[in-house]
Amino acid sequence: MRKVLVVGAGQSGLQLALGLQGHGYEVTLMSNRTADEIRSGRVMSTQCMFDAALHHERDLGLDFWESEAPRIHGLGLSVAGPPDASGSSSRVIDWLGRLPGHAQSVDQRLKMAGWMDTFVERGGRLVVHGVTVSDLDYFARSNDLVLVAAGRGELGSLFARDAARSPHTEPQRALAVAYVHGLGPRPEHPDVEAVRCNPIPGVGELFVMPTLTTSGRADILFLEGIPGGPLDVFQGVKDPSEHLALTLELMERFTPWEYARATKVELTDERGTLSGRFTPTVRRPVGQLPGGGAVLGVGDVVVTNDPITGQGSNSAAKCAALYLDAILARGDEPFDEAWMTATFDRYWSEVAQHVTKWTNAMLAPPPEHVLGLFGAAGEHQEVADRVAGGFNDPSDFENFFYDPELTGQYLRQVAGQA
Ligand SMILES: Cc1cc2nc3c(=O)[nH]c(=O)nc-3n(C[C@H](O)[C@H](O)[C@H](O)COP(=O)(O)OP(=O)(O)OC[C@H]3O[C@@H](n4cnc5c(N)ncnc54)[C@H](O)[C@@H]3O)c2cc1C
């Protein structure tokens, strides 16, 4: 049976390793951490995944937390207006769209540790080791295919930056995440589990979403601050309680409607906070090893976008599913560079280009026609649902989001039907 090495035990690496294992491939998985270290470690993401991506997990029978994790049926947008005389902001846009199917966020500490245990229980070979380029040189000789799924780690340097597809050379947001228990519902829709996006023009965004974490159901408070602005204040904050206090202070100032339901929150655990920043980057898919071998990048290694649109895990799942199909279809043919490039090109054209375009658009101040679209979503449920649906399938934004003409046509059509 063909031998495949997967480096990195995240969404894309584990999904591929388990998928290949299920088809009888001899898979070695290399991870720089054990399952227990991941389980008891720091939170890594907010990892909200939408229906299309969750389908890939269901197809492989890996949706172990489906019944426990909150089912997210709504995606809301509440845009903060300018502060009034007292310094407090109210909402100038406020709506809740319905998602196709449902979304779910399962703390990666739970999911990745659980999937790693499953991989081993099913007879997979797990090597706990922080892989270096020279290790890859060695392993490439003894495997038919090496997949590098090491996220935003150092192995990314094996893959050349694709300048034409990477408009940014600096981080576009400073990120600060806190997992909490005790958040109340939004009073307008107390019964709907929803991701709440709260853009604060010129300042950043606050995202609030339900999750399943190591201590059960929880919510995530996730601030994205424009660098140098008032939300970019978490550097150097090491104490988790201080991190939460700062988050709440900023919520009270910029999004008082979200703060109002957060007055009784407590951190889920001491490792329930995360802060940092990274530069969105698209890389070339094939890494050349010093010894002459080639390796294929998967997930964040090759396409890293800012989490403002919550797409990285979704894309990683879609990438893993597409690569799995391509590996199976390859049969006994060699996994040569031409195959690697063609496989990534399919991922880029079907998934990653749409995510990258939309995410980079959302990082910039919205043009007039997009503000109009978001405003219209407050009047027409159909528009709110269509925008929410784009989180599930970002390619649909091509049809009504970027081009003012297309946006206008779509809004006239909806108004006509109304
Ligand atoms: C704050 C934040 C919020 C986010 N929110 C969302 C969201 O709501 N929805 C969404 O879809 N995406 C979100 N994302 C993005 C998402 O988390 C990532 O895109 C996704 O985890 C990428 O999966 P991956 O498998 O490519 O890499 P990763 O999940 O990063 O996994 C890589 C693995 O490789 C391991 N590794 C690294 N180097 C080595 C090495 N040398 N040797 C061995 N192992 C190694 C790492 O420890 C890790 O386990 C968010 C990201 C952040 C930072």
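Residues are numbered from 1 along each chain as its sequence is written, and side-chain values use heavy atoms, with hydrogens and water left out. Because the model is predicted, local features need pLDDT of at least 70 and side-chain atom pairs count only at pLDDT 80 or more, whereas totals for chains, interfaces and linings use all residues.

View 1. Helices are DSSP runs of H or I with at least four residues, numbered from the N terminus. Leu14 has a relative accessible area of 0% and is therefore buried, a term for values under 20% with a 1.4 Å probe and protein chains only. Apart from neighbours within four places in sequence, Leu14 is in contact with Gly8, Ala9, Leu29, Met112, Trp115 and Met116, contact meaning heavy atoms within 4.5 Å.

**View 2. Packing of H1 against helix H8 (residues 312-330).** The axes, which are lines fitted to C-alpha atoms over the stretch in contact, lie 8 Å apart at an angle of about 30°, so H1 and H8 are roughly parallel to each other, as angles under 35 degrees are classed. The contact is made by Gln11, Ser12, Gln15, Leu16, Gly19 and Leu20 of H1, together with residues of H8 including Ala316, Ala320 and Leu324.

**View 3. Helix H6 (residues 240-254).** At 1.5 Å a residue, the 15 residues of H6 should span 21 Å, the expected span being 1.5 Å times one less than the number of residues, and the end C-alpha atoms are 21 Å apart, which agrees. Among the buried residues of H6 are Pro240, His243, Leu244 and Phe254.

Conventions. Buried means under 20% relative accessible area, exposed over 50%, partly exposed in between (1.4 Å probe, protein chains only). Helices (H or I, at least four residues) and strands (E, at least two) are DSSP runs, numbered from the N terminus. Axes are lines fitted to C-alpha atoms, for helices over the stretch in contact, and angles run from 0 to 180 degrees between N-to-C directions. Angles under 35 degrees count as roughly parallel, over 145 as roughly antiparallel, 65 to 115 as roughly perpendicular and the rest as oblique.
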